[in-house]
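This report goes through one protein structure part by part. Please keep the sequence and the 3D view open while reading.

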Amino acid sequence: MTDSEARRQVVEAVMDAVMSGSPGNIARHFAPGAVFSQRSNAAMADAPWFGRMEGEFRLQGEEEATAFLQELMKRTNYISYEPRGIVCELDEAASRCDWTRRDEKTGTLITGTTMYWFAFTTDGRIRSIETIGSIHSVLAPRRPEPV
């Protein structure tokens, strides 16, 4: 297997784990000191229903990466998701995923896209992941009209 194929498999495993909400053992792919950076176009007023963890997080080993990923996955529960391709070149990779989720508290339906950029160490572990999420639509739940 080439380095590019191995990196593609790591990207697929990480994206599938994050989107499915099942981290498995993907933390082993992170190098000590790996950086996970997450941003979105959601407004601060949208924070309660989006449940996001935005910012830059430095993960100091597999145990810390596992804890971070578990917390991240508690906050994101997708109804559906569709990976839209992976590009691997040298020690970098990029991918995009379209998704739909429902806010468990309000029933609001949210659709969006997340772009992922990966950087790898020379031994094929993840040095950094940068994500940028874009919310496309927010549909409030239908409420029965009073009679």
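## Aromatic rings

One aromatic cluster is formed by F36, F57 and F68. The model described here is a predicted one.

Searching the whole structure gives 5 aromatic pairs. One of them is Y116 with F118: the ring centres are 6.4 Å apart and the planes make an angle of 25 degrees, so this pair counts as stacked. Planes under 30 degrees apart fall in that class. F118 and F120 also make a stacked pair, because their ring centres lie 6.2 Å apart and their planes are at 15 degrees. Y116 and F118 are both buried, and F120 is buried as well.

Strand 3 covers residues 78–89 and strand 4 covers residues 92–102; the two pair in the antiparallel sense through 9 bridges. Within this pairing, P83 has C97 of strand 4 as its bridge partner. The hairpin of strand 3 and strand 4 has 2 residues between the strands, and in this hairpin L90 takes a positive phi near 55 degrees.

Strand 4 is also joined to strand 5, residues 109–120, by 11 bridges, and these strands run antiparallel. Here C97 stands opposite T114 in strand 5. C97 therefore can be followed in both pairings, with P83 as its partner in one and T114 opposite it in the other, where strands count as paired if there are at least two bridges between them. The hairpin of strand 4 and strand 5 has 6 residues between the strands, and G107 takes a positive phi near 85 degrees there.

## Two residues and their contacts

Is T108 buried or exposed? T108 lies in the loop between strand 4 and strand 5. Its relative accessible area is 10%, so T108 is buried, since the limit for that class is under 20%. Apart from neighbours within four places in sequence, T108 is in contact with R101, R102, D103, V138, L139, A140 and P141.

I79 lies in strand 3. Leaving out neighbours within four places in sequence, the contacts of I79 are T100, R101, R102 and L109. I79 and L109 are 30 residues apart in sequence, and their C-alpha atoms are 9.4 Å apart in space.

## Helix 1

Helix 1 runs over residues 3–20 and has 18 residues. From its first C-alpha to its last it reaches 25 Å, close to the 26 Å expected at 1.5 Å a residue. Just after helix 1, G21 takes a positive phi of about 80 degrees.

Which residues of helix 1 are buried? They are R7, V10, V11, V14, M15, A17, V18 and M19. The cover over these buried residues includes helix 3 (62–74), strand 3, strand 4, strand 5 and strand 6 (126–139).

## The largest nonpolar core

In soluble globular proteins, nonpolar side chains tend to be buried together. The largest nonpolar core of this model has 31 residues, and the members that touch the most others are V14, F30, Y116, F118, I126 and I129. Two or more residues each come from helix 1, strand 1 (30–40), helix 3, strand 3, strand 4, strand 5 and strand 6. Helix 1 gives the largest share, 7 residues.

With neighbours within four places in sequence set aside, I126 is in contact with V10, V14, H29, F30, A31, A34, F118, A119 and F120.

Conventions. Residues numbered from 1 in each chain as written. Predicted model: local features only at pLDDT ≥ 70, side-chain atom pairs only at ≥ 80, totals over all residues. Heavy atoms only, no water. Helix = DSSP H or I, 4+ residues; strand = E, 2+ residues; numbered from the N terminus. Phe/Tyr/Trp six-rings, centres within 6.5 Å; stacked < 30°, edge-to-face > 60°. Buried < 20%, exposed > 50% of the residue type's maximum accessible area, 1.4 Å probe, protein only. Expected span 1.5 Å × (residues − 1). Contact = heavy atoms within 4.5 Å. Core = buried A, V, L, I, M, F, W, Y, C linked by side-chain atoms within 4.5 Å.
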